[in-house]
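I opened this model to check how its chains meet. I also wanted to look up a few single residues. My entries follow.

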Amino acid sequence: MQLEAVVRRLELEQLYSAYVHCLDTDQLERWPDFFTEDCFYRVTSAENFEAGMPLGLIHATSRNMLKDRVSALREANIYEPQRYRHLLSSIKIVENRDEALDLTANFLVVRTMQEGDMTLFAAGRYVDRVVRASEDWKFARKEVVLDSRQIDTLLAIPI
Amino acid sequence: MQLEAVVRRLELEQLYSAYVHCLDTDQLERWPDFFTEDCFYRVTSAENFEAGMPLGLIHATSRNMLKDRVSALREANIYEPQRYRHLLSSIKIVENRDEALDLTANFLVVRTMQEGDMTLFAAGRYVDRVVRASEDWKFARKEVVLDSRQIDTLLAIPI
Amino acid sequence: MQLEAVVRRLELEQLYSAYVHCLDTDQLERWPDFFTEDCFYRVTSAENFEAGMPLGLIHATSRNMLKDRVSALREANIYEPQRYRHLLSSIKIVENRDEALDLTANFLVVRTMQEGDMTLFAAGRYVDRVVRASEDWKFARKEVVLDSRQIDTLLAIPI
C-alpha cells in the first residue's frame with residue numbers, strides 16, 4: 001500500500017464520519033452538500049436492490065431534489081420527538097475507477113424516543129460512488145440498502 | 001493530508017479502541033489512566049447538554065474522582081450479572097487547537113444479561129477533548145451525551 | 001508510529017472489512033479463504049472462554065473443516081429467510097509477535113427477518129491471531145467470544 005492509498009483511505013473515513021454527524025446532529029440543510037450536483041440517491045430494500053427494481057422509499061436524481069426533500073421534512077416535522085444515531089462500520093473499496101471509487105459500508109441506525117425507548121431503526125449497507133471535487137470527496141451515488149422491507153417511520157428521513 | 005495528520009488520526013483511533021476494550025473487559029481500575037489529572041468527565045442527556053445544564057448522571061472534575069467512582073462501583077457491584085459491549089463509530093476532529101483536539105464520536109452500548117437477554121443500553125456521542133501526554137493522548141474532557149433522558153441502571157457505570 | 005505501522009493498521013482494517021462483507025453478502029464459499037490451512041476457529045461464550053473451556057458452538061481446527069461447515073449450511077439452509085449485519089468496532093493490536101499479531105475487536109450482529117423484525121443477534125469480541133500470507137493477512141486463529149451464553153439460531157452460522 002502506498003502512502004497515497006493510506007491518505008485516501010483516511011479521507012474516505014472522514015467523509016463518512018462527517019456525513020454521519022451531519023445527520024445525527026440534525027443539520028439536514030448541510031446534507032445535500034455531501035453530494036455532487038447530478039447525484040443519485042436512493043433508499044431501498046435489499047430485496048428490491050437485488051432484483052434490480054428501480055423503486056425506493058426515497059429517490060433523487062440531483063442535489064436540488066435532496067434540498068427539496070429537506071425543505072419538505074422541515075415543514076412537516078415541526079416537532080421532532082426522536083433522535084437517530086448512526087453506527088458505521090467496515091468501509092470497503094469495491095472498485096477503483098479512473099475518476100471514481102465504488103464503496104460499500106455497513107450501517108445501523110438506532111432511534112431513541114423522547115420517553116427513552118430505544119429501537120433498532122434500520123440496518124443495512126451503503127452502496128456508494130464517490131468522486132473527488134476539488135479538495136473534498138463527494139457522493140455521486142448513494143444507495144441506502146436496507147435489510148428490512150420497510151422502516152417504521154411516517155416520513156422517510158435521510159440515512 | 002500530511003503524514004503527520006495520518007499518524008495522529010490512527011493514534012486517536014487507538015486511544016478510543018483501548019478505552020473501549022478497557023471498559024468492556026471490566027478493567028475499571030485502568031479507566032482513570034485514560035484521563036488527565038484535572039480532567040472533566042460527565043455522563044448527561046442530549047437534552048441537558050443542549051440546554052447547557054451542568055447536571056449529569058456522573059460528574060467528575062479530576063482523575064481522583066474517577067478513581068473514587070471505580071472504588072464505589074467495586075464495593076457495590078459484588079456480583080456483576082451483565083456484560084456491556086461498546087460499538088464506536090465515526091471519530092471526527094471538530095477543532096484543532098494548539099495544545100488540544102476537540103473530537104466527537106458515536107457510540108452504542110449493548111447490554112447482555114446473564115440469562116442471555118440483549119438490550120440497547122445506551123446510544124449517543126462523545127464530546128471530547130484530548131491532549132498529548134508524553135507518548136500518549138489523554139482525555140482532558142469527556143462528555144458522554146446520551147440520546148435518552150435516562151439509562152436503565154441502578155448504578156451509573158462508566159461509558 | 002512509523003509509516004510501516006500505519007500501513008499495517010490499515011491493512012488489518014481492510015481484512016476485517018472484507019471479512020464482514022463476505023459474511024453479510026452471504027458469500028460463505030469465500031469465507032474459508034480468510035483463514036490459514038491449519039487455522040483454529042471457534043464460536044464460544046465469554047463464560048466458557050474465561051473459564052478456559054474448550055467447548056464451543058462451532059469448533060474447527062482447519063480450513064477444510066470450515067469448508068465442510070459451509071457445505072452443511074448450504075444443504076440445510078435451502079431457504080434463508082433472514083439477513084445478518086455485522087457492525088465491527090475498535091480493532092486493537094494486543095500483542096505483536098514475530099510472525100503473527102494478536103488482535104481483538106468488538107462486534108455486534110443484527111438480524112433482520114423477512115417480515116422486517118430486527119433483533120440484536122449477537123454481541124461480543126473477536127480474539128484473533130493473524131499472520132501474513134504472501135500479500136494478504138489471514139486468520140490463524142479466530143475466537144468469536146459471545147457476551148451471551150447462547151445464540152438464538154437453529155443452525156450455527158459463521159460470525
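**Entry 1: a serine in a strand**

I began with B:S90, which is buried at a relative accessible area of 10%. Buried means under 20% relative accessible area, exposed means over 50%, and partly exposed lies in between (1.4 Å probe, protein chains only). I placed B:S90 in strand β3 of chain B, residues 82–96. Strands (E, at least two residues) and helices (H or I, at least four) are DSSP runs, numbered from the N terminus. B:S90 is not a glycine, yet I read a positive phi of about 60° there.

**Entry 2: ground rules and confidence**

I noted that this is a predicted model, where local features need pLDDT of at least 70, side-chain atom pairs count only at pLDDT 80 or more, and totals for chains, interfaces and linings use all residues. Residues are numbered from 1 along each chain as its sequence is written, chains are lettered from A and ligands numbered from 1 in the order written, and side-chain values use heavy atoms, without hydrogens and water.

I looked up the scores: ipTM is 0.92 and pTM is 0.94. Chain A has a mean pLDDT of 91, and 94% of its residues reach 70 or more. pLDDT is the predictor's confidence in each residue, from 0 to 100.

**Entry 3: an aspartate in a loop**

I went to A:D26 next. A:D26 sits in the loop between α1 and β1 (35–45) of chain A. Its phi is positive, about 60°, although A:D26 is not a glycine. Is A:D26 buried or partly exposed? A:D26 counts as partly exposed because its relative accessible area is 36%.

**Entry 4: B:S62**

I found B:S62 in the loop between β2 (58–60) and α3 (63–76) of chain B. Its relative accessibility is 18%, so B:S62 counts as buried. Which residues does B:S62 touch, leaving out those up to four places away in sequence? I listed B:E37, B:D38 and B:C39. Touching here is contact, meaning heavy atoms within 4.5 Å.

The side chain of B:S62 also reaches the backbone nitrogen of B:M65, at 3.2 Å. I then checked B:P32, 30 residues from B:S62 along the chain. The C-alpha atoms of B:S62 and B:P32 are 9.2 Å apart.

**Entry 5: chain A against chain C**

I counted 29 residues of chain A in contact with 26 residues of chain C. The two chains bury about 2200 Å² between them, with 62% on carbon and sulfur atoms. Buried area is the accessible area (1.4 Å probe) that two parts lose on being put together, summed over both.

How many salt bridges join chain A and chain C? There are two. A salt bridge is a side-chain nitrogen of Lys or Arg within 4 Å of a carboxyl oxygen of Asp or Glu. I picked out A:D147 with C:R85, whose closest N and O atoms are 2.7 Å apart. On the chain A side, α1 (3–24), α2 (46–50), β3 (82–96), β4 (100–113) and β5 (118–133) each give two or more residues.

**Entry 6: chain C against chain B**

Here 29 residues of chain C are in contact with 26 residues of chain B. About 2200 Å² is buried, and carbon and sulfur atoms give 62% of that. I found two salt bridges between chain C and chain B. In one of the salt bridges, the side chains of C:D147 and B:R85 meet at 2.7 Å, N to O.

Technical notes
A polar contact is a pair of N or O atoms within 3.5 Å; within protein, one must be able to donate a hydrogen and the other to accept it, and residues adjacent in sequence count only if both atoms are side-chain atoms.
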